[in-house]
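The paragraphs below go through the model chain by chain, taking strand pairing and helix packing in turn. Please keep the structure open alongside the text.

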Amino acid sequence: MDKCPSDQQQTDTNRSIVAHPWRHDPEPTSRPAVTALSEEELALKEHVSAFAKEVIGPKVREMDDKGVMDPEIIAACFEMGIMGIEAPVEYGGVGLGFTAACVVIEEIAKVDPAVAVMVDIHNTLNITAFNRYATTEQKEKYFPRLCKSALSSFCLSESGSGSDAFALKTKAEWDEASQEWVLNGTKSWISNSKEAEIFIIFANTDFSEAHKGITAFIVDKSNPGIAVGAKEDKLGIRASSTCEVTLENCRVSKDAMLGKRGQGYKMAIELLNEGRIGIGAQMVGLALGAFENTLPYLHERKQFGRSVADFQGMQFQYARALMEIEAAKVLVYNAARLKEAKAPFVMEAAMAKLKATEVAQSTASQCIDWLGGIGFTKGMPAEKYYRDSKIGTIYEGTSNIQLVTIAKQIQAGYRV
Amino acid sequence: MRALVGVKRVIDYAVKVRVKGDGSGVETAGVKMSMNPFCEIAVEEAVRLKEKGILKEIIAVSIGPAQAQETIRTALAMGADRGMHVKHDDILQPLAVAKLLKAVAEKEKPDMILLGKQAIDDDCNQTGQMLASLMGWPQATFASKVDVEGSNLTVVREIDGGLETIGMKLPAVITTDLRLNEPRYATLPNIMKAKKKKIDATDPAELGVDVSSKLQTVKVVEPPTRQAGGVVGSVQELMAKLKEKSLI
């Protein structure tokens with residue numbers, strides 16, 4: 001890719017443009033802004049941004065058209081070191097914090113929300129699960145693979161249990177004779193599953209205990225009892241594989257149990273409470289990507305003798321849109337910092353995800369309006385951001401679930 | 001063997017450059033800055049030579065304000081071993097830069113100096129050549145291929161007429177051209193490792209170099225906006241139009 005020619009024309013409106021004076025990250029002071037980043041996080045942001053634009057960027061359209069995650073992109077992500085952001089350094093991870101993960105996810109989402117969700121789920125759900133619940137042996141066995149080469153899937157949802165996650169039917173039965181757990185059931189809507197090598201499966205070890213029987217198990221793709229079904233043909237984030245994962249007499253040793261028996265539902269809740277901040281970061285990135293890909297065109301496009309961007313009606317709209325993105329961004333990074341500080345963050349995380357996903361949809365939709373007819377075509381990236389944004393309010397906790405979560409937190413302060 | 005690699009902090013290649021209102025220069029406040037792309041190629045070549053076992057140590061040097069340290073850190077993240085920051089806040093002419101690099105080279109005693117062929121802000125294409133001359137070293141500019149065997153350096157250069165292969169003995173100055181290599185991305189683990197690598201600091205006074213310029217920028221203006229052209233239907237029409245505009 002030719003970077004150097006100083007006479008290169010810079011009017012390519014299909015490109016993600018870079019510098020706006022108002023967007024530089026603020027200098028840290030004694031009471032820094034919530035969105036202030038450390039020196040490391042800023043360095044990460046810059047490098048991942050270049051990586052996303054130059055390596056992922058050229059393949060985005062093709063991956064979306066085909067509905068396939070390019071294996072070279074997956075390999076590039078591992079090589080870049082962004083698949084073990086919070087994993088310990090001694091196992092091949094980068095040993096950074098949660099906000100660093102959010103920064104990486106945001107930068108990638110600006111270019112491709114589908115790749116971003118792959119990186120997000122792998123990091124904020126699965127790497128975190130291992131960080132928090134794995135034994136030393138499990139860490140030694142799985143972290144190097146998870147950091148260097150093995151994509152992972154988080155398997156909770158089933159066709160009969162989405163929001164009502166703990167009504168899951170996948171069962172785990174202990175076989176005393178062979179000293180193995182035998183898993184049976186079918187998981188639905190599982191991201192990354194087509195390419196994943198390591199699966200975290202939530203199964204119930206004792207239905208009489210209701211959700212308190214739910215337990216997490218680590219299953220390797222090589223296990224003959226696990227099979228990944230056909231991919232869903234989706235509206236958006238099409239490159240991200242979403243398949244059924246079937247467990248048929250899937251036998252795993254007791255060492256495959258992640259965390260304690262019956263701890264599964266608590267684990268899932270905790271992981272999803274945090275993971276949704278990552279989705280918030282993804283959606284903020286999506287909104288910014290759509291916005292930054294649209295504004296240059298608005299300045300170049302002239303109607304009635306003026307730039308479309310100069311019409312006051314347009315100014316009011318894109319000013320308000322960026323305000324909404326900024327609000328979502330502040331919510332997301334505030335929630336991230338609260339979590340890092342080990343302060344209560346459940347309500348803030350739910351608010352961040354809810355706001356960011358709604359902002360992403362409205363921004364992407366408005367971008368198409370602003371672009372006019374050309375925004376409606378596949379020649380511009382706007383229509384992809386629009387399609388990609390729709391899943392935001394659905395996965396990792398629907399918007400209604402977020403509202404219920406927030407309400408519960410509110411009510412906890414008022415109950416007699 | 002040791003290499004000194006010069007890296008310059010410049011306005012990012014993708015930025016739409018604007019001239020300051022007072023015409024004194026180009027707007028840099030709040031604008032995204034990055035390592036000069038040709039400097040990236042220089043760092044990459046040095047790292048590849050280290051991976052081949054030819055170089056033992058790579059020192060990345062940058063001359064500029066405090067933020068030039070970020071550029072050095074990027075070089076460290078790509079594989080340079082340590083950095084040298086020559087602090088100076090104002091814009092420097094290539095001759096001053098060459099003198100400063102000479103002073104640094106006299107301290108560090110490298111076996112080769114790798115620079116980008118030119119910086120994308122001033123497009124001077126002078127520093128490497130001036131440095132080689134000041135040091136009395138051979139120079140291999142516009143390198144598109146570099147081979148080192150012992151103390152023999154063979155470089156393929158891109159010139160107007162095609163490719164030229166030259167040979168010389170180290171120590172030498174090499175300036176890199178676009179097709180020499182494709183720079184690697186600094187991976188996250190390497191970015192973190194780079195934090196622990198040492199960056200020494202110095203300044204022109206400490207190096208004993210006079211960086212005062214004999215040039216003064218009088219005015220900076222944007223190029224005239226491109227006027228719309230016209231389409232002509234025939235050669236006769238073209239001739240008529242050219243005559244009309246007194247162009248022939």
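In this predicted model, strand 3 (residues 180–191) of chain A is joined by nine bridges to strand 7 (residues 242–253) of chain A, and the two run antiparallel. Strands of a sheet pair through backbone hydrogen bonds, in either a parallel or an antiparallel sense.

The loop between strand 2 (171–175) and strand 3 of chain A contains A:Gln179. A:Gln179 is not a glycine, yet its phi is positive, at about 55°. Most residues other than glycine have a negative phi.

How does this part of chain A relate to the annotation? UniProt, in an unreviewed entry, places the feature "domain: Acyl-CoA oxidase/dehydrogenase middle" at residues 153–250 of chain A. That span is 50% strand and 0% helix, and its end C-alpha atoms are 16 Å apart. UniProt also lists "domain: Acyl-CoA dehydrogenase/oxidase N-terminal" (unreviewed entry) for residues 38–148 of chain A. Residues 38–148 of chain A are 75% helix and 0% strand, with 25 Å between the end C-alpha atoms.

Two helix pairs of chain A can be described next. Two packed helices are described by the angle between their axes and by the distance between the axes. Helix 4 (residues 98–111) and helix 5 (residues 113–133) of chain A have axes that come within 7 Å and cross at roughly 160°. An angle over 145 degrees counts as roughly antiparallel, and helix 4 and helix 5 of chain A are therefore roughly antiparallel to each other. Their crossing is right-handed. From helix 4 of chain A the contact takes A:Phe98, A:Ile105, A:Ile108, A:Ala109 and A:Val111, while helix 5 of chain A supplies A:Pro113, A:Val115, A:Ala116, A:Val119, A:Asp120 and A:Thr124. By class, nine residues of this contact are nonpolar, one is polar and one is charged.

The other pair is helix 8 (residues 312–340) and helix 9 (residues 346–371) of chain A, whose axes come within 9 Å and cross at roughly 155°. That angle makes helix 8 of chain A roughly antiparallel to helix 9 of chain A. The crossing of helix 8 and helix 9 of chain A is left-handed. The contact between helix 8 and helix 9 of chain A has 16 nonpolar, four polar and three charged residues.

Now turn to chain B. For residues 23–211 of chain B, UniProt lists "domain: Electron transfer flavoprotein alpha/beta-subunit N-terminal" in an unreviewed entry. This span is 32% helix and 31% strand, and its end C-alpha atoms lie 23 Å apart.

Chain B has an open sheet of nine strands in the order 9-8-7-10-6-1-4-5-11, with mixed pairing. Strand 9 (162–169) and strand 11 (199–202) of chain B each have a single partner strand, so they stand at the edges and one side of each has no neighbour in the sheet. On average, neighbouring strands of this sheet are turned by 30° against each other, direction ignored. Within the sheet, strand 7 (residues 139–149) and strand 10 (residues 172–176) of chain B run parallel and are joined by three bridges. B:Gln139 has B:Val173 of strand 10 opposite. The loop between strand 9 and strand 10 of chain B holds B:Pro171, and the peptide bond joining B:Leu170 and B:Pro171 is cis, with omega about 5°.

Which helices lie across these strands? Helix 1 (residues 37–51) of chain B lies across strand 1 (2–6), strand 4 (57–64), strand 6 (112–116), strand 7 and strand 10 of chain B, at about 145° to strand 6. Helix 4 (residues 127–135) of chain B lies across strand 6, strand 7 and strand 10 of chain B, at about 160° to strand 6.

Helix 4 of chain B also packs against helix 3 (residues 94–108) of chain B, at an angle of about 50° and with the axes 8 Å apart. That angle makes helix 3 of chain B oblique to helix 4 of chain B. The crossing of helix 3 and helix 4 of chain B is right-handed. Their contact has 10 nonpolar, one polar and two charged residues.

Note on methods:
Residues are numbered from 1 along each chain as its sequence is written. Chains are lettered from A and ligands numbered from 1 in the order in which they are written. This is a predicted model: local features need pLDDT of at least 70, side-chain atom pairs count only at pLDDT 80 or more; totals for chains, interfaces and linings use all residues. Side-chain values use heavy atoms; hydrogens and water are left out. UniProt positions are given in the numbering used here, feature names are shortened, and annotations may be inferred rather than shown by experiment. Helices (H or I, at least four residues) and strands (E, at least two) are DSSP runs, numbered from the N terminus. Two strands pair if DSSP finds at least two bridges between them. Axes are lines fitted to C-alpha atoms, for helices over the stretch in contact, and angles run from 0 to 180 degrees between N-to-C directions. Contact means heavy atoms within 4.5 Å. Angles under 35 degrees count as roughly parallel, over 145 as roughly antiparallel, 65 to 115 as roughly perpendicular and the rest as oblique. A crossing is left-handed if the near helix is turned anticlockwise from the far one by less than a right angle, and right-handed if clockwise. Ala, Val, Leu, Ile, Met, Phe, Trp, Tyr, Cys and Pro count as nonpolar, Asp, Glu, Lys and Arg as charged, and the others, Gly among them, as polar.
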